[in-house]
Amino acid sequence: MEDSVTRLRWGLKGRLVLLTLVVGAVPLLLGIGMAYFVGTRELETVIGSSFAGLATETARKLDLVFGDELTRLNRIAADPVLIEALERGSSGGGNPPPRDLLDEGERQWEAQDPLLVWSVTTGPVVDVLKRLAESETDQSPPRAQQAVTRAFFLTDARGRLVASINHDVRYAHADEAWWQRTYDGGRGKVGPGDASFDRQLGTYTVALAVPVMDARRGRAMGVLRRVFDAKSYLDPSLAPIRFGKTGHVMLIDGDGTVMSCPILPTGTRLADRDLVRLVTSPQAGWVKAPSDGHGSQTMSIIGFSPVPDTGRVAQRATGRGWYTFAWQSSNELFAPTRHLSAWFAAFGLVAIGLLGALAYAAASRIVTPIRRLREGAVLIGRNELTQPIVVRTGDEIEQLADEINRMHARLQHAFSGLSHTVEEKTEEVRSLRQYNEKILDSMPNPVVILDRDRVEYVNQAAKRAFRWNDEAVRGSRLLELLRTDEVSSDRLRSELRTPGTLPDRPADAAAPAPGSPDGPRDPLSPRPAAAADPAQRELRIGSAIYRYDVFHIQIPSTGTKRIGLVLRDMTGERRLQEQLIQAEKLEGLGVLTSGIGHELNNPLFGILGLGEAIRDESDAARMREHAGAIIERAQHMAGIIRDFAGSAHPEVGESRSEVDVNERLDHALKVVGLTSGVARLTVRKHYHPVPRILAAPDEIGQVFVSVITNAIQAMKGRGTIDLTTEASAETITISIRDSGPGVPNAYLSKIFDPFFTTKAPGQGTGLGLTIARRLVMKYGGEIRVETVEGAGATFILTLTSSAAHPG
C-alpha cells in the first residue's frame, strides 16, 4: 500500500511538473526555434548578397584587365612597323601562294630551318612584340613576364607566320578556328578565346587576337595574337580575393570549365551540371546549391556574376561566356550558424532547467496537503481514523479537508446500524432465493440453469422427466446428460454460445421496461411469431420431443452471467398436429374424390356410347373414327387422374426434394379448378424467377391449395385472384390476393386457430388455414394476412430458400 501511495504521490507531482514544463517550455522552444529560423534565413541572405557583390566586383575587375590588354593589342596592331611588314609580304602579288609552298614553309618551320627561324624571330616587328611582352602591367619581374606570355606572333592575310617572339607556334594558321573568327574574311573582329590546353605550349592558355587593319582599304591585313598562361595571367586578379580560410573567387566559362581557381586546377570541368546551370545566369545573384562545385555534396551558398564586356565578346566568338564564382567551404560558412544554434540550445536548456525547478517547488507545495487528504481517506476506508485531518492552506484544499472530516463523522454515525442492516438484507436474499427455487420447482416444464455449459440448478420437473438427482447432475456438462442426436446437440451447443438477449450495459444505466424490445423477456411466455422456428428448436430425447428456449441472465451485483434452458414436452402436441394434418388431407381427399367422379363421368359416358356404336357399326372407317374418340377421352381421363394423384398421398414417410414454387402454384390451381366452381374466376399470375427450396412437394402444394380454396370460397367462385412470387437474398415471398369482402378485424386474431370457421355447419372444419400455417412454420417460414374490410384479403407466405430442417 505504501508503494502505491508513493507511486500516486509522485505521479501527481510529476504531472504538475510536466504540465508546467509544457506550458512554459513550448512557447520558449517555439520562440527560440523561430528566432533561429529567421536569423538563419537572414544570415543566408546577407552572405549570399555579399558573395554576389564580390563576384560582380571581380567580374568588373577582370573586364578592366582584359579591356586594357585588348586596347594595348589594338595599339600595337596599328604600329606602322607591323603594317609595313605586312604590306611588304603582300606586295609579291594578290594571288595566294600555292598550297605546296605553304606546306614547304610548314615543313621548314617544324624542321627549324635556321634561315626561316631567323627571319621570323628577329627583325623590327619582333622587337616591337618583345617590348610589349616585357612591359607587363604591375611592374612584374622579367621571369614572371615570360611565364605570363607564352606566345606572341603576327600572321599575314594568308595565315602565314610573319613574326614571333619564340618558336613554340605553328607556321600556318589559316585552318584554325580562332584565326578564321578574327580575320573574318578580311573584315576583322576581336577574338578572345577560352581556357584550353595548348598542345604546342603544353599548358592551359588564354589567348587574345586582334586584326591588323589596312586603314586605306578598310580590310584586315593580318592577325596579331597573344597567348597567356591561364593561371599566371588570371591569378594576380583573382588570388588576392580571399575571405576566411577557404573563401575565394574563381572564373569559369559557360560549360563549367575552370579558367582560374586557387583550389581547382585550370581546365577542370565542374561535375554538377545543375550547379553550372544555376551560376551561368545572364544576371548576377546568389544561390543556395546542393553542392559547392569543389567535390562536396553539402549545401552551400554561392555568389555569381557574368563578366560583362569580355564575357559578351567571348560569347560571340566562342559561344561560351565567362562567369565569376564566389565560394566558401560549408563548414566555415555555417560555423556562425552552428555557434548560434549551440547558444540557443544552451539558453533553452538553462531556461527549461530553471522552469523545472520552479515547477517542482510549486508542485511540492500543492501535493503535500493532497497527500495528507489521501492518507486520511485511506484511514477512513479502514475505519482507523481517530483524529480529524489537519490541513492549513487557506484555500479550497483546506475546505476539502473540512468536508472530509464532516463526512467521516456522518459515516461513523451511519456505520453504527450498518451491521444489523446487512444481516437483514442477507436474510432477505436467502429468502428470495428459496422463493425463486420454489417457483421453479412448481413449474411443470423442466428448467435448467447453466454456468457456461455446466449444470448449476435443475427444478423438480427436470429431475422427474430425466430421472436426475442434484448430486449426479450438478457441475456436469449438459450435453453429456441429454441423450439426443448429434445434429440437435450441435445446434443447442451453438445457441448456448451465442450472446444472450440481455446486452451488456453500464451499471448506472436504467434497465429497459419489461416487454420492451430491449427489456428482459419472460422465458415461459410464448415466443413472438417472427422469432418462432419450431423445427430448429426441438430435441428428441428418447421417444419424447421437447421444444426448448434459451434465455440469458445477468446478475447486476456481481456482473456474472448464467444461461437458462426451458424444455416443453411437445410429444402429445406433435401427435395431435399430425392427426389434424391427416384429417384435413382426408377431408380434402373426399372433396377430390367427388371432383374426380364428376370429371370422369362425362368422358366415361362418352366412351360407353362410342363403344356401343362400334359394336353396331359395320363401316370400318366409322369404327376407326369412334376408336380415336375413345382414345382421346381416355387420355383426358388419364390427365385428370394424374393431376389429382399427388393430393391423395398420405404424409407419412414423405421424402423431400427440390421444389419449384411457381410449378406448385400452377398445380394447386389445377387441383382447385377441378374441385371448385371457378368458371367466373380470373387468375392473374405475376411470377418471378425464384430459387428452389428443399421440401415435401405435396405439403407445399397443400398449403397453396388451402389458401387458394379459402380465397375462392370467400369470393363465392366469382372474382379475381392475383398470384405473385418474389425472391430476396435468402427468402421467397408468395402473395395470394383475392377480391373478396376481406377478413373482419374481429376475426384477424383467430383466422389461424384450429376449428375456427365462419361457414355454416358441415361446410368446413376450420383446419385448412391452421394446417397451412403449421406446415409453413415447419419449414422455417411464416404466413400472415393483410386485409382491408370490404376490399379483399392478401395472404403473404415467406419461405427460406435454404434446405428445410427435419421436423
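Colleague: In which helix do Trp179 and Tyr183 both lie?

Modeller: This is a predicted model. In it, Trp179 and Tyr183 are four residues apart, about one turn of the helix. The element that holds both is helix 7.

Colleague: Is the pair of Trp179 and Tyr183 stacked or edge-to-face?

Modeller: A pair of aromatic rings is described by the distance of the centres and the angle of the planes. For Trp179 and Tyr183, the centres are 4.7 Å apart and the planes are at 15°. Planes under 30 degrees apart count as stacked. The pair is therefore stacked.

Colleague: How many aromatic pairs does the structure hold?

Modeller: Trp179 and Tyr183 form an aromatic pair. The count for the structure is nine.

Colleague: Why is the pair of Phe153 and Trp178 edge-to-face?

Modeller: The ring centres of Phe153 and Trp178 lie 5.9 Å apart. Planes over 60 degrees apart count as edge-to-face. The pair is edge-to-face because its planes are at 75°.

Colleague: How many residues apart are Phe153 and Trp178?

Modeller: Phe153 is in strand 1 (residues 149–156), and Trp178 is in helix 7 (residues 177–183). The pair thus links distant parts of the chain. The two are apart by 25 residues.

Colleague: Is Trp178 buried or exposed?

Modeller: The relative accessible area of Trp178 is 10%. Buried means under 20%, so Trp178 is buried.

Colleague: Which residue lies over the face of Trp178?

Modeller: The distance from the ring centre of Trp178 is 4.1 Å. The residue over that face is Arg225.

Technical notes
Residues are numbered from 1 along each chain as its sequence is written. This is a predicted model: local features need pLDDT of at least 70, side-chain atom pairs count only at pLDDT 80 or more; totals for chains, interfaces and linings use all residues. Side-chain values use heavy atoms; hydrogens and water are left out. Rings of Phe, Tyr and Trp (its six-membered ring) pair if their centres lie within 6.5 Å; planes under 30 degrees apart count as stacked, over 60 as edge-to-face and the rest as tilted. Buried means under 20% relative accessible area, exposed over 50%, partly exposed in between (1.4 Å probe, protein chains only). A charge sits over a ring if NZ of Lys or CZ of Arg is within 6 Å of the ring centre and within 35 degrees of the ring normal.
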